[in-house]
Amino acid sequence: MKKLLIFLAIVAVFALPVAALDESALLSRGKEYTLITPASAAYADDESFKLTDGVKGEQTEGYYYKSGAFVGFNQTNKDENGDFVIILDLGSERTNLKAFVINYLAETEAGIYAPEKLTVYVSGEFDGDYTPAGLVTIDETTEMGTSLTGTATVSTAGDTPGRFVKFVIHHKEPFEDGGTTISAGWTFLDEIEVYSSDTVPKTDDKGTAALLVVGIIAFSAFLGLQKKRKT
């Protein structure tokens with residue numbers, strides 16, 4: 001009986017659905033923002049709406065960067081700290097900010113590399129004092145031929161108050177590849193997102209169902225072994 005309980009506990013753990021950020025808790029959709037460091041004219045965001053319109057970049061003619069959803073930041077426009085800075089206005093003071101996300105592109109043949117780090121700050125005023133909310137290091141591949149999109153998320157331990165969110169995106173530093181120093185030319189983003197703590201766990205019903213089927217099959221095998229032992 002003890003072995004049976006242990007087995008069921010293991011199956012239950014592996015069958016648990018994975019929690020995800022719930023879009024109903026998304027606060028940033030359609031909100032205004034300011035590019036403190038300008039985007040490139042070739043991949044501009046003149047009306048400051050691309051990064052909060054909910055449109056994700058898709059491959060066009062075999063490349064993501066040709067999608068009109070991306071905003072491109074050239075290395076020549078990074079600030080003295082090697083950063084690109086964006087300040088998002090949530091429109092009103094919030095008391096329960098919880099997660100901050102950027103969606104980036106890594107398309108190395110075009111000189112586009114994932115950022116090296118994301119740091120987030122929050123304030124009640126645009127020109128006020130900003131409080132650090134957290135940072136995350138982005139360890140994305142730099143292999144030539146890479147073509148992928150990714151996300152970087154800063155999550156707070158508790159609710160964070162504020163209205164203005166400062167995204168500080170650190171441009172990829174030069175790196176060595178086979179004895180050659182590579183300088184990343186671009187940072188590309190298609191969305192910045194802010195979520196409240198009202199997140200409701202989402203479940204992948206198909207994935208959960210598949211895991212349960214595996215659990216049932218394994219459990220049946222377990223019972224079969226027990227039956228054989230008795231006989």
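**Ring and side-chain contacts in a predicted model**

Q: Over the ring of which residue does the charged end of Lys172 sit?
A: In this predicted model, the charged end of Lys172 lies 5.7 Å from the centre of an aromatic ring. A charge is counted as sitting over a ring when that distance is within 6 Å and the angle to the ring normal is within 35 degrees.

Q: How far from the centre of the ring of Tyr130 is the charged end of Lys166?
A: The charged end of Lys166 sits over the ring of Tyr130. Its distance from the centre of that ring is 4.4 Å.

Q: Is Thr37 buried or exposed?
A: Thr37 is found in the loop between β1 (33-35) and β2 (71-74), and its contacts beyond four places in sequence include Phe73, Asp79 and Phe84. Buried means under 20% relative accessible area. Because the relative accessibility of Thr37 is 6%, Thr37 counts as buried.

Q: The backbone nitrogen of which residue lies 2.8 Å from a polar atom of the side chain of Thr37?
A: Asn77, Asp83 and Val85 are among the residues in contact with Thr37. The backbone nitrogen at 2.8 Å from the side chain of Thr37 is that of Val85.

Q: How many residues apart in sequence are the parts that the pair of Phe70 and Phe188 ties together?
A: There are 9 aromatic pairs in the count. In one of them, the rings of Phe70 and Phe188 have centres 6.2 Å apart and planes at 45°, so this pair is tilted. Because Phe70 lies in the loop between β1 and β2 and Phe188 in strand β9 (residues 186-196), the pair ties together parts whose separation in sequence is 118 residues.

Key
Residues are numbered from 1 along each chain as its sequence is written. This is a predicted model: local features need pLDDT of at least 70, side-chain atom pairs count only at pLDDT 80 or more; totals for chains, interfaces and linings use all residues. Side-chain values use heavy atoms; hydrogens and water are left out. Helices (H or I, at least four residues) and strands (E, at least two) are DSSP runs, numbered from the N terminus. Buried means under 20% relative accessible area, exposed over 50%, partly exposed in between (1.4 Å probe, protein chains only). A polar contact is a pair of N or O atoms within 3.5 Å; within protein, one must be able to donate a hydrogen and the other to accept it, and residues adjacent in sequence count only if both atoms are side-chain atoms. Contact means heavy atoms within 4.5 Å. Rings of Phe, Tyr and Trp (its six-membered ring) pair if their centres lie within 6.5 Å; planes under 30 degrees apart count as stacked, over 60 as edge-to-face and the rest as tilted.
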